Amino acid sequence: MFRNQYDTDVTTWSPTGRLFQVEYAMEAVKQGSAAIGLRSRSHVVLACVNKAQSELSSHQRKIFKVDDHIGVAIAGLTADGRVLSRYMRSESINHSFTYESPLSVGRLVVRLADKAQVCTQRSWKRPYGVGLLVGGLDESGAHLYYNCPSGNYFEYQAFAIGSRSQAAKTYLERRYESFQESSREDLIKDAIMAIRETLQGETLKSSLCTVSVLGVEEPFHFLDQESIQKVIDTFEKVPEEEEDAGEGEAEPEAALVAAGTGEQGGSGDQDVAPMEM
Amino acid sequence: MTFTIPIENGDAVKIAEAESQRTLYPYVTGTSIVAIKYKDGVLMASDMGGSYGSTLRYKNIERMKAIGKHSLLGASGEISDFQEILRYLDELTLNDNMWDDGNSLGPKEIHNYLTRVMYNRRNKFNPLWNTLVLGGVKNGKSYLGMVSMIGVSFEDDHVATGFGNHLARPILRDEWHADLSFEDGVKLLEKCMRVLLYRDRSAINKLQIAKITEEGVTVSQPYSLKTFWEYSSFHNPTASAEGSW
C-alpha cells in the first residue's frame, strides 16, 4: 500500500471506493504478535505469543477475561485493545445485572462492531487499531468471532491474526474440519501447535505463549505454564539440550532451520512500533 | 409540560406539577393472582375485575398477558400501571426480536428486568403500583416468580398476590406437590379462587386460567365458578360473635 491523496482522513473515499485509513488500521493489526482462536462444539481456546518489549520487561497481556463465559485475544495496538476489553466487560456485567443471565456472544460482538464502525465515519475520530478474537459460550453453543477495525465481524471455526499468522492459518486450514468434534485436550494441543507455526524456527517453550480455555461448565481461565509445557512435551520430539537456547535453535523435525536466513526471532522486530504488541 | 408562570416563587408551581406526576395512590385496581408450577409448566388464575375503590366497576379486564415466546405476566394493583409495564415489555421483546439471532429472552431474564424497573421506580418515590407474577418455560425448565411494587422479588413453586397470599397460599402449602397434572392443577387453582370469591370483596365471579408450557401460552375463555351460599354459618353469621355484623 502506498501513500496517496485520499488517505489523509477516514472520511475521505478513494475513487475506487476504499477508505484507506481503515485499511491502514487493519495493517496495524498485522504488525501485532500473533493471536489464535479455535473452537469445538463445547470449548473455545485462545492462545497468543508472548512478546516482551525488551529482555528487562515483562510481556504484554493480550488475552483478557470479559466474563466467565467470554474471553478476548487482541493483536495490534494494545492500548486500544485494553479500552475495548473494558467496554466489553462493562456491557457484559450490565447485562448480567439487569437480566441475571449471561450476555450472548453474538450480541456482544455486534455492539463491538458498531462501536468500531462509528470511528470510521467521524472526522474527529480514528479507527481502533486492534483486531479482536472474541471467544465465548452461550445458549446456542460455542462461538469464535473476529472483530476488525473496519467494524466488520465474522464467525470462525478457527482463526489467527497478527504477524506471521499466515503460517498458523495454513496449519489451521489443514486441521479445522476435526475441531468441531475435538476434545478439550486436542483443541489445546492444536492451539499450541498453531502458535508454534508462527514462531518459525524458534523453540517452543511454555514461557513464550499464553493459553486460555473456556467451555461448558468450565469458566474462562488461563492455563498455567506447567500444563502448557506438558502439552508441548507431547509433541516436541527432542527436548531442548540447553534451556535458554536463545534465537535460532532449530527443531529436528522442522525443515525451517534458522541459520542466518535473515529471520527474526521472537523479539527482534526492529520495525515494529513500541506501542504495538 | 412545565411552563413558567411569572410569580415570585416560580419553583413552587413546578414542584406542584411534579407532585401530580408521581403515583400517590392507585385508582383502578385488580385483585389477587394465584399461580402454581405443574408438570408441563405454569398455571395462573385471575379474575377479570377492575375495582374503582369499593365499586366493582370494570368486569372485563384481562390481567394476564403473554410476553414473548416463553413467559406469562399476571398483575394485580393499578391497571394503568400494568398497561405501562406491558408497553415496556413490548419494547423489550421487540428489540430482542430485532436481533434475529436465535437468542430470546426467557422468563428469568424478564423477571429480573421487571425487578430492576420496579425497584428503580420505588427509589424515585414514583412506584408502579403493581404486584407482578411472572411465569414461564424455557428449554424445559419452568420458572415462577413475583415482584412487588417496592421491588421485592423472589421465585417459588407457587405464588399469589394481595389477598391470595393470605387465603390461597395456605391451601397451596398443604396441597401443592411437584408434577401436578393439568386437571389437578386447575382444580387446585379453582379451589383457591373460590375461597377468594367468597372472602375477597373485590373479587368477581368471572375468571380466566392461563397455562404456559414449552409450546406457548393459552389463556382460557372467561368462566364462572359454582358457589354455594347455604352453609349454616352463612345463615346466621354472628352466632358465635354476638354484637358483630
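Reply: A definition comes first: Ala, Val, Leu, Ile, Met, Phe, Trp, Tyr, Cys and Pro count as nonpolar, Asp, Glu, Lys and Arg count as charged, and the others, Gly among them, count as polar. By this grouping, the lining of the largest pocket holds 9 nonpolar, 12 polar and 11 charged residues. The model is predicted.

The volume of this largest pocket is about 830 Å³. Its lining is made up of 32 residues, and those closest to the centre come from both chains: Ser101(A) and Glu139(A), with Ser104(B), Glu109(B) and Lys138(B). Several elements give two or more residues to the lining. In chain A they are helix H2 (78–99), helix H3 (105–118) and strand S5 (130–138). In chain B they are helix H2 (79–99), helix H3 (107–123) and strand S9 (141–147). The most is given by H2(A), with 5 residues.

The largest cavity has 14 lining residues; nearest its centre lie Asp47(B), Met193(B), Leu196(B), Ala203(B) and Ile204(B). Helix H6 of chain B, residues 182–199, gives the most to this lining, with 3 residues. The lining of the largest cavity divides into 7 nonpolar, 3 polar and 4 charged residues.

Chain A contains 6 helices and 10 strands. It has 277 residues, of which 52% count as buried. Among its contacts with a separation of 6 or more, 64% are between residues 24 or more positions apart.

For chain A the mean pLDDT is 87, with 85% of the residues at 70 or more. Residues 241–270 of chain A have a pLDDT below 50, and this stretch makes 36 contacts in the model beyond near neighbours in sequence.

Key
Residues are numbered from 1 along each chain as its sequence is written. Chains are lettered from A and ligands numbered from 1 in the order in which they are written. This is a predicted model: local features need pLDDT of at least 70, side-chain atom pairs count only at pLDDT 80 or more; totals for chains, interfaces and linings use all residues. Side-chain values use heavy atoms; hydrogens and water are left out. Helices (H or I, at least four residues) and strands (E, at least two) are DSSP runs, numbered from the N terminus. Buried means under 20% relative accessible area, exposed over 50%, partly exposed in between (1.4 Å probe, protein chains only). Contact means heavy atoms within 4.5 Å. On a 1 Å grid over the protein atoms alone, a cavity is a set of points where a 1.4 Å probe fits but cannot get out, and a pocket is an open set with protein on both sides within 12 Å along at least five of seven lines; lining residues have an atom within 4 Å of a point. Grid points are joined across faces, edges and corners, and a volume is the space filled by probe spheres set on the points. pLDDT is the predictor's confidence in each residue, from 0 to 100.
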